[in-house]
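Student: I am new to this structure. Please show me how to read its features.

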Amino acid sequence: LKNLLSLDLLRNIDTKVIFTFTCDTIKQQYKKITEKYHDNNNINTILVSSLTAYNIARSTVGHALFSSFETIVKRCQKKIMIFADGIDSNGDAFSITSKSLPESQFETKIRRDMFEIDFYKGIISLVTNIKEDQSGSYFSNIHFCIILPEDTIEKIRLSDRDFIKKRISHLRWDAYYLVNMINKRLSAVTNNEIKSDHPFDDFENYMKRFYPQIPTQYVFKTDKKEMHVDIFNYFLSLSFWRPRDILIHLAYVIGAVDDGTNDKINERTLRALLYRSSKEIIENEFFKEYKNTIFNLDQIIFAFENKSIVLSAQECYKTINNITFLLTAKKNIEDFRSKMRFLYEIGFIGVVLPNDIKERYEFATEYCFIYNEGIQPFDLINFDADLTKIKFVINHLFYSFLNLNYNSECFIEDFSKDYFISNHQTRSLITNY
């Protein structure tokens with residue numbers, strides 16, 4: 001739009017200025033109407049009909065620019081989709097901060113929850129009003145996609161069941177969805193489609209056929225033993241089970257053989273490539289994502305440097321007990337359980353379920369993280385019990401980054417294909433809040 005209109009003024013415009021100017025426009029329009037129709041008994045009706053999204057947008061950006069925009073949209077033969085980007089990650093950060101507040105700050109948590117609900121209801125109302133406002137013919141051709149945290153949708157549903165009756169699709173990433181996403185990317189890149197009864201087999205076939213230089217298994221070595229892990233499983237272990245994490249690993253590995261060489265990538269090279277891709281995810285996708293949530297996340301994470309990958313709750317307590325979690329909301333986390341819940345929710349640590357809990361609640365694995373089994377495993381842990389018997393596990397993504405000691409006899413996140421399918425089938429029952 002900026003290029004079509006040839007307006008240099010818009011190229012580096014501050015969005016905060018737009019917001020402030022729009023608010024001022026609404027204020028001025030309201031003042032003008034109330035002054036003109038203050039004696040009119042129908043002033044409320046006049047206000048509602050005048051302060052529409054169409055009229056405010058037209059007044060805010062100017063009639064000439066808005067008319068040009070209308071002309072462009074009307075000439076467009078395709079539907080236009082507007083995505084509200086970043087709301088989900090920032091919303092998650094706000095929600096994690098709220099949920100991590102100790103019980104002593106219960107009233108603050110309630111106020112934050114009410115603000116969060118009203119904020120999102122406002123966004124939904126805005127989009128709904130724009131879609132329902134047919135005064136501009138182009139609105140029927142514009143669609144919106146707003147990504148909201150799932151627990152926020154549930155909060156809105158509980159507060160106002162009628163309000164949330166909108167068109168909602170649940171976005172949940174599990175291994176099954178991720179491997180399908182990767183296969184589609186590989187199909188586009190190779191201009192070939194491999195389709196069988198099992199998407200995990202398709203991935204292996206893509207790699208063997210088009211990238212034979214890349215090993216199908218990763219050799220993970222510790223001081224005591226050598227473990228062989230399917231390459232896709234190893235990608236998953238170095239991630240938070242998000243598409244961008246897997247794509248970053250794949251880009252590094254495929255990029256190493258994309259020059260046409262037929263030389264097979266050896267163990268050392270593969271290890272170096274995945275160390276770099278993991279470091280990029282940690283620095284650009286992890287620390288940067290939560291920088292607006294907590295000030296001293298790096299201090300907390302590096303407190304685990306040179307520790308074991310599997311830790312007792314007592315060891316975790318000794319590691320972070322003297323560190324205050326400095327939240328940007330100015331409500332710091334002091335108690336141990338809230339600290340561990342925060343680390344669990346951001347995907348840094350997982351829970352090693354005791355066998356009795358695993359069997360009683362029919363979990364398919366004892367190694368539970370927020371991204372594969374949701375929040376329930378953490379909530380089942382009794383922090384009043386013997387802390388030496390409660391076990392946690394650090395996300396394997398941080399293994400090399402923190403120089404962790406691998407004190408497990410097996411590769412922790414080497415889930416089977418049967419587990420992935422079962423996890424996919426029960427995904428609708430798993431919640432992250």
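We take ring pairs, then a strand pair.

Tutor: This is a predicted model: local features need pLDDT of at least 70, side-chain atom pairs count only at pLDDT 80 or more, and totals for chains, interfaces and linings use all residues. Residues are numbered from 1 along each chain as its sequence is written, and side-chain values use heavy atoms, with hydrogens and water left out.

Student: How is a pair of aromatic rings described?

Tutor: By the distance of the centres and the angle of the planes. Rings of Phe, Tyr and Trp (its six-membered ring) pair if their centres lie within 6.5 Å; planes under 30 degrees apart count as stacked, over 60 as edge-to-face and the rest as tilted. By this rule the count comes to 38 aromatic pairs. One of them is Y344 with F378, tilted, at 5.4 Å centre to centre and 40 degrees between the planes. This pair links distant parts of the chain, 34 residues apart: Y344 is in helix α16 and F378 in helix α19. Helices (H or I, at least four residues) and strands (E, at least two) are DSSP runs, numbered from the N terminus. F378 also forms a tilted pair with F383, at 5.5 Å and 45 degrees.

Student: Why does F378 count as buried?

Tutor: Buried means under 20% relative accessible area, exposed over 50%, partly exposed in between (1.4 Å probe, protein chains only). F378 counts as buried because its relative accessibility is 0%. F383 counts as buried at 14%.

Student: How many bridges join strand β3 to β4?

Tutor: Two strands pair if DSSP finds at least two bridges between them. Here 5 bridges join β3 to β4, and the strands run antiparallel. A hairpin of 4 residues connects β3 to β4. K221 has E226 in β4 as its bridge partner.
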